[in-house]
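Dear colleague,

Please find below the sequence and the structure that I am handing over to you. My findings follow directly after them.

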Amino acid sequence: TIGEVAQKRDYNAYAVGGFVRDLLLKKPNFDLDIVIEGDGILFAKALAAHLGGRYRKHERFKTAVVLMKNGFKIDIATARLEYYEYPAAMPTVELSSIKLDLSRRDFTINAMAIQLNPARFGTLIDFFNCQSDLKKKVIKVLHNLSFVEDPSRIFRAIRFEKRMGFQISPHTRRLINNAVTMKLFGKAADMRFLSELKIILSEENPLPALQRLSEFNLFQFLWPDLRPHYKVDRRYGHILIQAQMAISWHRLLYLDEPCQNWMVYLLTIMSRSPVDILLRFCKRFEETQKNTNYLRDQKILCDRAIHTLRRDRRMKNSEIVACLESIQIEGLLYMMAIARKNHVKKAISSYVTTLRELKPAVTGKDLIALGYTPGPRFKKILDYLKNCRLDGLAASSEQEILLVTK
Ligand code: CTP
């Protein structure tokens, strides 16, 4: 369909980037990136009409997104045809702009395209011997200034290496080391750093990539307050493993409760840093105000709560609930990661699995039936009953009613 819509306008359409890479690796990838030789925005409009979807455009970058009703998303970029006028009688030369587009990409494994026009549908376009690198499982930049142009690509190299079990080529490793020595990261605040870091922290197992970041001495840019050249050492590695275990444990509870894993790791990494360092980190990497506030609140609440839990081994369930009530799941898992005492871990896990859901059997309606008039006392009574249930003082609605009427 895409090829046909393009053909109608005499455009060339290509699938590019990660989609092609994953297709050749026979891995699923639901993000389709298209490059159009022609007007990408006009194409997006035609495609959206054809597929019955919507589209959003970015005039300045000549890009657009087509959004389908089923949630499928197609990113469309324009590769402009570049014409070189020669003097007098010479013809205008049209440069293949897909080649230019691909040559500007991050790594060879991401620099292939597949033709989508009907006549050549499925033809692999590989100008830079990319397929051979994919077979050899190496990650290689296309040119020496790749990381100077965009230092966030260093994160990407590490992510691809660890996710797919590839190797960063020796030359590309040298370029990363050069970029680190030149302190390319420190220069500009760049939100791409954080978005790439978030992707790493959202991987199934981000620890090998973090280890690699630390090997390349990148922690000094990310978390300057950690000891200089901080390695993923024993204590630090240990709490990161704990964070990963807490996240997997939560996933296996099948609660269908969304959790932003990157936040759990970020809080864990910054567990020993004061709040203002966390805020400075968010500011430097241009995190949204909403996420910044969320992280700040979780950090403050958790660091306080863990202190309370640690002090008292014999807390009643109702006290555990009072202590953890205002903390979100990301904070709870962070606390599980950094808790060293067993009774603290146990309190948090029982809160996550059961205590937070516990409600009294008696409802407001029951209270009305018992002759109470709705008002502020209602909440007090219901809270009291909830605590009785939490602490095992009432196990049924009859016992609760007895407690109320007493
Ligand atoms: N790209 C790049 N430089 C970047 C980011 C992206 O050259 N800093 C190019 C790459 O060719 C990449 C494509 O843009 O394949 C799409 O980027 P993105 O969707 O971020 O990555 P994917 O390669 O699709 O990886 P993933 O599977 O993780 O989405």
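By class, the residues that line the largest pocket of this predicted model comprise 19 charged, 13 nonpolar and ten polar ones. The space in this pocket amounts to about 1,600 Å³. The lining consists of 42 residues, and those closest to the centre of the pocket are Asp33, Thr63, Asp75, Ala77 and Arg105.

Strand 5 provides the largest share, with six residues.

I also examined a pair of helices. In general, two packed helices are described by the distance between their axes and by the angle between those axes. For helix 14 (residues 261-269) and helix 16 (residues 289-311), the axes come within 11 Å and cross at roughly 55°. An angle counts as roughly parallel under 35 degrees and as roughly perpendicular from 65 to 115; helix 14 and helix 16 are therefore oblique to each other. The crossing of helix 14 with helix 16 is right-handed.

Which residues meet where helix 14 and helix 16 are in contact? Helix 14 contributes Trp262, Met263, Leu266 and Leu267, while helix 16 contributes Asn291, Tyr294, Leu295, Gln298 and Lys299. Six of the residues in this contact are nonpolar, two are polar and one is charged.

With kind regards

Terms used. Residues numbered from 1 in each chain as written. Predicted model: local features only at pLDDT ≥ 70, side-chain atom pairs only at ≥ 80, totals over all residues. Heavy atoms only, no water. Axes fitted to C-alpha atoms, helices over the stretch in contact; angles between N-to-C directions. Helix = DSSP H or I, 4+ residues; strand = E, 2+ residues; numbered from the N terminus. Parallel < 35°, antiparallel > 145°, perpendicular 65-115°, else oblique. Left-handed = near helix turned anticlockwise from the far one by under 90°. Contact = heavy atoms within 4.5 Å. Nonpolar A, V, L, I, M, F, W, Y, C, P; charged D, E, K, R; others polar. 1 Å grid on protein atoms, 1.4 Å probe; cavity = no way out; pocket = protein on both sides within 12 Å on 5 of 7 lines; lining within 4 Å. Points joined across faces, edges and corners; volume = space filled by probe spheres on them.
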